[in-house]
Amino acid sequence: FEPLDPVRFIGNRSSGKMGFAIASRAAARGAEVTLIAGPVSLSTPPGVVRVDVGTAEEMRAALAKASADAIVMGSPTYMGNVSWQFKKFADASSRVWYAQGWRDKIAGGFTNSAGMNGDKGATLATLFNLSMQHAMIWVSQGLMPSNTKAATRNDVNYLVSYGGAIASSPADASPMEMAPGDLETARLFGQRVAGIAAKVHG
């Protein structure tokens, strides 16, 4: 939620809630989790170390200090792709790329937008491409789709994504109104990333 100027910013606070859900289940799975979060009014999940940041540069610096086997990146989908704040972070990560600092780390991605589609796939593709630039190992969603007539909005992977965790929150909804199925999808993604990181890195 880095501001455009002293009074304006672009963001989707429900994306932050997804990140907290991912972190909570990864920690419950036994992973040591550092959650680098923008300005949100959410409680830190049990067993999670939280680092609050306000700008893309602060996020890059915090991530540089964290020793991690896996990095899960998230951004709201805005105007068909990642937010400008995330793009600024991605560009700043070129210093890490030059030193191959994230090489062979596990990577994953998540996004949220107001629309049921909203071009979230483009955002996941950008997150994937960034991880490939860094020679990382991408983790898929790993869930079967909820795509039958019996499926409901609160089922896991109702929006049907395979490349990462996605969610949809109405533009006028608060993070507390996120669909339970979307949050559980995020939690299961966190569990999957933690499990694969444990298999690869021990």
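Tutor: One aromatic cluster is formed by Phe86, Phe89 and Trp102. Rings of Phe, Tyr and Trp (for Trp, the six-membered ring) pair if their centres lie within 6.5 Å; planes under 30 degrees apart count as stacked, over 60 as edge-to-face, and the rest as tilted. The model is a predicted one, in which local features need pLDDT of at least 70 and side-chain atom pairs count only at pLDDT 80 or more, while totals for chains, interfaces and linings use all residues. Residues are numbered from 1 along each chain as its sequence is written, and side-chain values use heavy atoms, with hydrogens and water left out.

By the ring rule there are 3 aromatic pairs. Phe128 and Trp138 have ring centres 5.7 Å apart and planes at 85°, so this pair is edge-to-face. It links distant parts of the chain, 10 residues apart: Phe128 lies in helix H5 (residues 120-133) and Trp138 in strand E6 (residues 137-138). Helices (H or I, at least four residues) and strands (E, at least two) are DSSP runs numbered from the N terminus.

Phe128 is partly exposed, at a relative accessible area of 33%; buried means under 20%, exposed over 50%, and partly exposed in between (1.4 Å probe, protein chains only). Val200, in helix H6 (residues 180-201), is also partly exposed, at 45% relative accessibility. Ser113, in strand E5 (residues 106-113), is buried, with a relative accessible area of 4%.
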